[in-house]
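Me: I have a structure to read and I am new to it. Please take me through its pockets.

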Amino acid sequence: MRIARFIHGGSVKYGLVVGDRIYERAELETALGRSLPDTVLGLIEYLMDYGVRDSIEDAVEKVSTGLRLSDVELRAPVDGRPKIICVGLNYRDHAEEQGVKPPEEPVIFMKPYTAITGPGQPIIYPDITEKLDYEAELAVVIGRRCRKVSPSEALNYVLGYTCFNDVSARDIQFRDGQWVRGKSFDTFAPIGPWIATADQVGNPHNLKIMARVNGEVRQNSNTGNLIFGVDKLVSFISMVMTLEPGDIIATGTPSGVGIFYKPEPKLLNVGDVVEVEIERIGVLANKVAREPQRLPT
């Protein structure tokens, strides 16, 4: 199952993506003969009942119309105000390209929900940075509230996965000596194009992950290179904070980020198109745009 948010007919809706079509909530409700929650956050909690999930998937087969994906504008597949918990230095190949020792436990930081932007929407290049970078990441979408869960239990609390770009202002990040400000600008958390549920993705630790800039492959790895897998990350973070439905865990990036590119850095410029592609999930594409000039006060 793939869950998407989109604009059609002047309003934001959600639906299920099958092939090149999307089936909106109203159609699914007609086929089901029952109401569905009116937000993706509500649907996430609803779907964690596996019997309900099966009946919704069956309903798709009864829907004969649907919309073409090309006729809608996709938006970030999450709504509400989720926590975005990011993991730094979590790929072996990324540690190697920096010449640093892998951490002994996950290194976490957070982005605000105001950084979220969706597929096809711009990444804004802030005026106060000169070193804008990309980071392709697998994002985990939490489905059930959890606190202090063991690694063996952790995947039971995962609804699914999506693509994530941990956009970073490197000069600010390195000057500050910590990561929050340089990674928290508005639009610095592109996510999408949809949520692929865990049963569709299968093993999250064997997925090809890539980043392309203007069609050039910059990152090309596999989630098998994760230092700490999804089960360990969910467990570790849940020991610190309560995870709630819709929360996002960005699991780290592999080698090939712009700042460490050899023989010289390859950072982003206005007009560049960045694509994050993850096997069995999809492609998240965003164009870098100049920061709009503020209106005079």
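This is a predicted model: local features need pLDDT of at least 70, side-chain atom pairs count only at pLDDT 80 or more; totals for chains, interfaces and linings use all residues.

Me: What is the volume of the largest pocket?

Reply: The volume of the largest pocket is about 210 Å³.

Me: Which residues are closest to its centre, and what makes a residue part of the lining?

Reply: A lining residue has an atom within 4 Å of a point of the pocket. For the largest pocket, 18 residues line it, and Leu89, His94, Gln98, Gln173 and Trp179 are the closest to its centre.

Me: Which elements give two or more residues to that lining?

Reply: They are strand 6 (84-88), helix 4 (92-98) and helix 6 (170-176). Helix 6 gives the most, with three residues.

Me: How many residues of that lining are nonpolar, polar and charged?

Reply: Seven are nonpolar, six polar and five charged.

Me: Now the second largest pocket. What is its volume?

Reply: About 160 Å³.

Me: Which residues line the second largest pocket?

Reply: Among them are Arg5, Lys13, Glu24, Arg25, Asp38 and Asp79. Asp, Glu, Lys and Arg count as charged, so these residues belong to that class. The lining has six charged residues, along with four nonpolar and two polar.

Me: Which elements supply at least two residues here?

Reply: Strand 2 (11-18) and helix 1 (25-32) each do. Strand 2 gives the most, with four residues.

Technical notes:
Residues are numbered from 1 along each chain as its sequence is written. Side-chain values use heavy atoms; hydrogens and water are left out. On a 1 Å grid over the protein atoms alone, a cavity is a set of points where a 1.4 Å probe fits but cannot get out, and a pocket is an open set with protein on both sides within 12 Å along at least five of seven lines; lining residues have an atom within 4 Å of a point. Grid points are joined across faces, edges and corners, and a volume is the space filled by probe spheres set on the points.
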